[in-house]
Amino acid sequence: MNLAILAVGKLREPYYKAGVQDYLERIARWLPIEQLEVAVGTSEESNGKGTGTLVREADQLEKQLQRPGIVVAMDVLGKQFSTEQFSAWIVESMNRSIGRITFVIGGAWGLDRRILEQADLRLSLSAMTLPHELARLVLAEQIYRALSLWKNLPYHKQ
């Protein structure tokens, strides 16, 4: 199985960039993972609520989504898993011979309804709103933690 993190915007802060890269390298020991980035929509496209920006970003995200596979939209209103549940979900996906899981992270305005409706799962990292760079770091760490559980490594302390 392959994993992908598809995100709007580049990681600008050095500590987020370094942290995400570290976890991606750790994950890659067990499963192939890639990080894909699409451009952020411009403020000129926005109507004050991000609508134009969301549409442009959704167009770019859709070009990067690969089927067959599972699309997971990161959404503050999505399903929340415990670490153990998230690990079990990933392992179950592997056992079902799912070829790819793509985790999609929106920009400042979140994700367009079109992307949310296409998603096989809407997943929330927290009931709190997170900046998209922090969300990417937390997601990468949680994927690593979930895979550590699968490998019975002591990274996850219960």
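Is serine 97 buried or exposed? Serine 97 is exposed, at a relative accessible area of 64%. Here buried means under 20% relative accessible area, exposed means over 50%, and partly exposed lies in between (1.4 Å probe, protein chains only).

The legends below describe a predicted model, in which local features need pLDDT of at least 70, side-chain atom pairs count only at pLDDT 80 or more, and totals for chains, interfaces and linings use all residues. Residues are numbered from 1 along each chain as its sequence is written, and side-chain values use heavy atoms, with hydrogens and water left out.

**View 1. The whole fold has five helices and five strands.** Helices (H or I, at least four residues) and strands (E, at least two) are DSSP runs, numbered from the N terminus. Their order along the sequence is β-α-β-α-β-α-β-α-β-α. The C-alpha trace spans about 50 × 35 × 25 Å along its principal axes. The radius of gyration is 15 Å, in agreement with the value near 15 Å for a compact globule of 158 residues. That radius is taken over C-alpha atoms, and the globule rule is 2.2 Å times the number of residues to the power 0.38. Buried residues make up 47% of the 158.

**View 2. Strand β1 (residues 2-8) pairs with β4 and β2.** Two strands pair if DSSP finds at least two bridges between them. β1 runs parallel to β4 (residues 100-105), with six bridges. Alanine 4 faces threonine 102 of β4. Six bridges also link β1 to β2 (residues 33-38), again in parallel. Here valine 8 stands opposite valine 38. Six of the seven β1 residues are buried, so the strand is largely enclosed by the rest of the structure.

**View 3. β1, helix α1 (residues 14-27) and β2 form a right-handed β-α-β unit.** Right-handed means that, with the strands pointing away from the viewer, the path from the first strand over the helix to the second runs clockwise.

**View 4. Arginine 100 sits in strand β4.** This residue is buried, at 7% relative accessible area. Its side chain makes a 2.8 Å polar contact with that of glutamate 34. A polar contact is a pair of N or O atoms within 3.5 Å; within protein, one must be able to donate a hydrogen and the other to accept it, and residues adjacent in sequence count only if both atoms are side-chain atoms. Beyond four places in sequence, arginine 100 has contacts (heavy atoms within 4.5 Å) that include Met1, Leu36, Gln66 and Ile70.

**View 5. Glutamine 142 lies in helix α5 (residues 132-150).** Glutamine 142 counts as buried at 19% relative accessibility. Neighbours within four places aside, glutamine 142 contacts Thr83 and Phe86. The 19 residues of α5 reach 27 Å from first C-alpha to last, close to the expected 27 Å at 1.5 Å a residue. That expected span is 1.5 Å times one less than the number of residues. Of the 19, 15 are buried, so α5 is largely enclosed by the rest of the structure.

View 6. Proline 68 belongs to the loop between α2 (51-64) and β3 (70-79). Just after α5, asparagine 152 takes a positive phi of about 55 degrees. Asparagine 152 is exposed, at 69% relative accessibility.
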